[in-house]
Amino acid sequence: MAHYDLIVLGTGGIGSAALFHAASRGLKCLGLDRFPPAHDRGSSHGESRLIRLSYFEHPDYVPLLRRSYELWDALDPALLTRSGIFYAGPTDSEIIRGVLASAREHGLGVDIVDPADFPHYAVPEGHTALFEADAGWLPVETCILTHLARAADAGAEHRWGESVTAWQEVGDSVQVSTDAGDYSADALVICGGAWSGELMAGLGLPLTVTRKHLHWFQCEDDRYQSGFFIELPHGQFYGFPAGDGRLKLAEHSSGEPICDPLNASRDQDPEDDARIEDFVARHLPGVSSTRLEHGSCFYTMTPDSDFIVDRYPGSERVTFAAGLSGHGFKLAPALGELLVDLATGSDTPFDTRFISLERFAA
Ligand SMILES: Cc1cc2nc3c(=O)[nH]c(=O)nc-3n(C[C@H](O)[C@H](O)[C@H](O)COP(=O)(O)OP(=O)(O)OC[C@H]3O[C@@H](n4cnc5c(N)ncnc54)[C@H](O)[C@@H]3O)c2cc1C
């Protein structure tokens with residue numbers, strides 16, 4: 001049986017970064033995935049992902065975000081487009097309160113702006129608007145391919161098209177079985193995305209997988225140059241320029257819970273279509289009502305919408321990232337680095353209690 005220093009199970013958004021960081025430290029690594037690189041069956045596809053620093057979800061992400069900005073730029077400075085992001089919502093909304101709290105706590109550059117200066121967003125009367133110039137977007141598939149290519153350059157091996165059927169600790173190693181063979185390693189990093197629950201069934205992780213929709217619309221001109229995140233009484237919507245005069249749009253709130261991500265429908269959903277069309281008609285005056293394209297993707301949610309990145313309880317050899325809750329991609333390099341630190345017993349400079357498994361222990 002081939003033996004490695006470290007195996008990464010799942011080489012999607014987070015696993016590709018973990019594999020790169022492990023291989024860069026000189027570890028003999030293997031990446032395993034059921035699907036080929038940058039596939040469209042999990043949570044890391046659809047052209048692009050927003051990256052933001054003044055994090056409304058939780059200010060404790062900011063040090064990890066700063067590290068991610070550094071690591072994306074070090075990986076390839078062409079990956080991160082700093083287009084800025086426009087936020088709008090009621091003053092006491094999750095987004096406005098959260099962005100301002102993060103900015104205050106970490107001294108970040110966020111401007112309170114007049115919505116009238118951004119007429120391409122029709123923001124309801126009385127809403128607060130903010131602009132964060134350091135935000136932008138990442139080309140999701142290219143980022144994964146770059147991490148995997150750099151991991152291979154550093155000596156990592158990959159097996160794609162192999163489904164992991166079981167893993168277990170045996171003595172002082174971890175054995176991983178796929179439908180094609182068995183491997184062993186000193187350490188295992190599990191980055192299973194929507195399949196995390198079944199890959200760690202013994203833990204009973206509090207995860208809900210929901211199917212989400214992505215939509216591409218045609219713009220009338222080039223007025224949409226930055227990203228946006230808008231909170232309305234009935235939902236949170238976001239989007240960003242997608243090249244060739246297109247705008248990519250999605251609803252961050254809502255989502256249809258599913259049980260079997262391998263066999264979930266990939267069709268459009270009339271209810272989601274109607275909500276997005278209504279958002280376009282009311283709030284994006286420069287976007288045509290013609291939808292160009294649709295895609296679907298999975299959020300894997302925890303009860304508090306924060307990630308779980310931790311050691312497997314009772315194990316010194318197994319670490320995992322799960323429940324990335326629809327906002328994890330931007331943090332992939334810092335999480336990949338953190339997972340390798342945890343897996344190799346190295347110190348991490350980050351306070352990760354807010355993304356520990358322990359917080360759900362009660
Ligand atoms: C519509 C949508 C929009 C989003 N927008 C943003 C955004 O703007 N900004 C942002 O930061 N984040 C965003 N996210 C979230 C982000 O994309 C995800 O959190 C992140 O990409 C998840 O990465 P992952 O590695 O956990 O999962 P994945 O990339 O899905 O990787 C999991 C991998 O594990 C493999 N795997 C699972 N089980 C097995 C098995 N048994 N055997 C072999 N392989 C296995 C899968 O094949 C897969 O490749 C969005 C997500 C979606 C769905």
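The shell around the ligand consists of 15 nonpolar, 14 polar and five charged residues, where Ala, Val, Leu, Ile, Met, Phe, Trp, Tyr, Cys and Pro count as nonpolar, Asp, Glu, Lys and Arg as charged, and the others, Gly among them, as polar. This is a predicted model, in which local features need pLDDT of at least 70 and side-chain atom pairs count only at pLDDT 80 or more, whereas totals for chains, interfaces and linings use all residues. Residues are numbered from 1 along each chain as its sequence is written.

Of the 34 residues around the ligand, those that come nearest are G10, G12, G42, G193 and G328; a residue is near a molecule or strand if its C-beta atom, placed from the backbone, lies within 6 Å of it. Two or more residues of this shell are given by each of helix 1 (13–24), strand 2 (29–33), strand 3 (49–51), strand 12 (208–219) and strand 17 (287–301), with helices (H or I, at least four residues) and strands (E, at least two) being DSSP runs numbered from the N terminus.

Domain 1 (2–45 + 141–205 + 304–360) and domain 2 (82–134 + 208–301) each supply at least three residues to the shell around the ligand, the domain bounds coming from an automatic or database domain assignment. The centres of the two domains, taken over C-alpha atoms, are separated by 29 Å. Contact between them involves 13 residues of domain 1 and nine residues of domain 2, two residues being in contact if their C-beta atoms, placed from the backbone, lie within 7 Å. On the side of domain 1 that touches domain 2, four residues are nonpolar, nine are polar and none is charged.

The contact of helix 1 with helix 7 comprises 10 nonpolar, three polar and one charged residue.

Helix 7 also meets helix 2 (residues 62–75), with axes that come within 7 Å and cross at roughly 100°, and these two helices are therefore roughly perpendicular to each other. Here L64, R67, S68, L71, W72 and L75 of helix 2 contact P333, A334 and E337 of helix 7.

Technical notes
Axes fitted to C-alpha atoms, helices over the stretch in contact; angles between N-to-C directions. Parallel < 35°, antiparallel > 145°, perpendicular 65-115°, else oblique.
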